[in-house]
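Hi everyone, thanks for coming. I'd like to walk you through one model today, sheet by sheet and then core by core. Have a look at it first.

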Amino acid sequence: MADLIRLLPDHVANQIAAGEVVQRPASVVKELLENSVDAQASHIILVLKDAGRTLIQVTDDGLGMSPADARSAFERHATSKIRLADDLATIRTKGFRGEALASIAAIAQVELRTRERDQELGTRILIEGSRIKVTEPTACSPGTTIAVRSLFYNVPARRQFLKSDGVEMKHILDEFHRLAIAHPDLSFQLVHNDHEEYNMSTGSERQRIVQLYGRKYDERLVPVEEATDLMEVTGFVGKPEFAKRSRGEQYFFVNRRFIRSSYLDHAVRKAYDELVSRDNYPSWFLFIELDPAHIDINIHPTKTEIKFRDDRTVYAIVHAAVRRALGRFNIVPSLDFEPEPAILAAFGGDRPQAISPAVPAWRPNDLGAFTAPPRPSPAGWQQLFALQSDEGRDTETLTESDEATRIMPSREHAGTPGERPVFQLHGTYIMAQLRSGFMVVDQQRAHERILYERNLKLLERGVGTSQTELFPRHVELSAADLAMVEDVLPELRSMGFDLELFGGRTVQVNGMPAEAAEEDPTKLLEQLLEQLKHEKGDLRNERHHVLARGMAHSMAIRSGRVLATSEMHDLIDRLFACEMPYHTPGGKPTLITYGLDDLNKRFER
Ligand code: ADP
Ligand code: MG
């Protein structure tokens with residue numbers, strides 16, 4: 001019997017291998033652009049005809065290749081980027097498999113012109129279906145130009161498989177954007193069918209995003225900056241109000257390489273939990289830098305998926321970084337409480353004083369211990385907002401600038417009521433003056449946010465303090481409600497309910513959470529149980545969240561409650577000491593700001 005096994009001819013083997021690397025014109029664009037970046041180019045030009053079908057050409061001013069390297073570049077597994085398997089642990093380049101040029105040359109007509117900087121002459125190579133047609137010295141500028149013509153000319157099935165020019169162009173732009181965002185220190189040009197689509201000079205990451213997506217993006221971005229021993233996360237996330245129905249711009253880069261990760265997507269989405277509804281997508285541009293030894297990028301030929309050695313930590317850091325960024329920079333006008341005597345005069349001539357001694361139930365100072373998380377500190381938030389309007393500038397220089405010190409009231413002044421005019425509207429809203437306008441705080445919602453974060457902390461610690469009742473009271477519950485109370489008894493205790501199961505369906509209330517606005521324990525307990533029933537569908541591991549939220553909702557001061565000036569100040573300070581001050585745990589705004597500009601406009605000034 002004749003032998004059946006034969007080795008495939010090289011060009012056929014190459015074609016098969018090519019299928020993995022080159023699925024469509026966009027794959028070629030990606031590989032060529034990455035090679036230019038790896039070659040330390042500073043300017044890269046991409047020229048396309050018919051969405052890459054007819055021509056994809058990349059020109060760079062990078063290192064170029066020697067004549068010998070130019071020839072071996074097209075061989076499979078030919079790479080200048082790693083020598084040993086161990087090198088993978090320190091890899092910083094985009095490429096390392098040495099497959100791209102060989103694959104592209106297997107299924108297209110490729111022309112290479114390349115010249116090293118210190119050489120007079122360059123090399124020109126024509127290669128078609130893996131066969132070298134021409135090798136010759138040529139005069140060209142330093143760097144490399146690779147032109148890929150008639151993609152898939154010898155693989156008709158693939159060629160037919162291509163989508164419309166519009167669709168293919170969209171894929172190409174995706175690749176182009178990814179690389180352009182990762183490398184704002186390089187200039188890029190894109191010409192399609194003789195029309196210049198982009199011409200981007202070098203700049204900051206923010207500037208690059210604006211170059212790609214338009215001016216309007218400038219005000220939508222919130223800077224992210226977090227450094228730990230393991231890694232660094234920088235970049236931007238979109239303000240929640242600009243989240244879109246359709247998936248827009250969501251970019252993760254690890255050591256400047258674009259990656260996909262549904263795991264990290266989740267970490268970011270989770271940070272927006274209360275801010276963006278589930279069917280809207282915020283945008284993000286996040287750069288993770290970490291030691292290459294902590295990642296494995298070799299799991300997919302196109303290398304958009306990677307493995308983190310310690311993925312849970314990476315998740316936690318990304319989540320925290322975004323969360324913190326959103327908490328700090330979420331609103332537009334800069335907030336501060338500089339005194340404005342003219343306005344004070346308008347409200348009664350003198351500095352407003354605490355006018356209402358009869359506000360017994362709400363005891364803002366009882367919880368002092370829980371109201372100062374590490375940052376932003378209540379004393380520091382004005383400064384945060386002062387900085388916020390100047391996001392583009394270097395934070396460090398700004399902190400020290402005269403402007404920042406002028407905006408920041410001194411600590412003592414910050415505590416003096418008269419220095420920061422506030423007043424209550426309709427027993428519901430607190431108005432406070434800002435340098436650039438004013439803000440209106442919804443007192444009930446603000447308090448809800450404060451209590452929610454406090455409750456969460458109490459639940460984490462597992463020990464609560466309660467205000468002991470003079471006379472323990474008995475509350476009669478339904479069987480279902482009693483079962484629910486039993487279920488969450490430890491948590492209720494953490495949050496300050498001192499409860500005992502009295503026998504039958506009676507619960508004895510010995511003490512109440514210190515800040516309970518509703519003084520009647522029966523009512524408070526009932527309200528809370530009602531809340532919990534609503535939230536029942538939630539996951540079990542969100543139990544703390546649900547309880548803290550339900551409790552905050554039941555305990556918050558209501559609209560209609562008259563507040564003393566000191567209480568208003570206290571409420572605002574504590575609100576801004578929260579991790580996420582601008583929304584209730586349910587996602588509703590806690591405050592609105594108005595700019596002087598808006599007023600001036602309405603008065604037609
Ligand atoms: P890889 O990028 O994985 O090394 P490629 O097939 O993409 O494999 O490229 C093969 C080699 O050709 C690279 O290692 C590099 O030495 C060289 N090369 C490719 N493109 C360029 C370029 N634009 N400038 C300089 N050298 C290049
Ligand atoms: Mg490459």
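Let me start with a term: two strands pair if DSSP finds at least two bridges between them. Helices (H or I, at least four residues) and strands (E, at least two) are DSSP runs, numbered from the N terminus. With that in hand, here is an open sheet of 5 strands, in the order 9-10-13-11-12, with mixed pairing. At its edges stand strand 9 (221-227) and strand 12 (257-259), each with a single partner strand, so one side of each has no neighbour in the sheet. Direction ignored, neighbouring strands of this sheet are turned by 20 degrees against each other on average.

Before I go on, some housekeeping. This is a predicted model, so please keep in mind that local features need pLDDT of at least 70, side-chain atom pairs count only at pLDDT 80 or more, and totals for chains, interfaces and linings use all residues. Residues are numbered from 1 along each chain as its sequence is written, chains are lettered from A and ligands numbered from 1 in the order in which they are written, and side-chain values use heavy atoms, with hydrogens and water left out.

Back to the sheet. Strand 9 pairs with strand 10 (residues 231-238) in the antiparallel sense, over 7 bridges, and Pro 223 stands opposite Phe 236 in strand 10. Helix 6 lies across strand 11 (250-254), strand 12 and strand 13 (284-290), at about 55 degrees to strand 11. For such angles, axes are lines fitted to C-alpha atoms, for helices over the stretch in contact, and angles run from 0 to 180 degrees between N-to-C directions; contact means heavy atoms within 4.5 Å.

What does strand 3 (residues 109-115) look like in terms of burial? Of its 7 residues, 5 are buried, so strand 3 is largely enclosed by the rest of the structure. Buried here means under 20% relative accessible area, exposed over 50%, and partly exposed in between (1.4 Å probe, protein chains only). Strand 3 runs antiparallel to strand 4 (residues 122-128), joined by 6 bridges, and antiparallel to strand 6 (residues 143-149), joined by 7 bridges. Leu 112 has Ile 125 as its bridge partner in strand 4 and stands opposite Ile 146 in strand 6.

On to the cores. A nonpolar core is a set of buried Ala, Val, Leu, Ile, Met, Phe, Trp, Tyr and Cys residues joined through side-chain atoms within 4.5 Å. The largest has 59 residues, and Leu 32, Leu 46, Val 110, Val 148 and Phe 285 have the most contacts inside it. Helix 6 (residues 165-182) gives the most to this core, with 7 residues. Domain 1 (10-203) and domain 2 (208-328) both contribute residues, so this core lies between them; those bounds come from an automatic or database domain assignment.

To finish, the whole chain: its secondary structure comes to 20 helices and 22 strands, and of its 605 residues, 51% count as buried. Happy to take questions!
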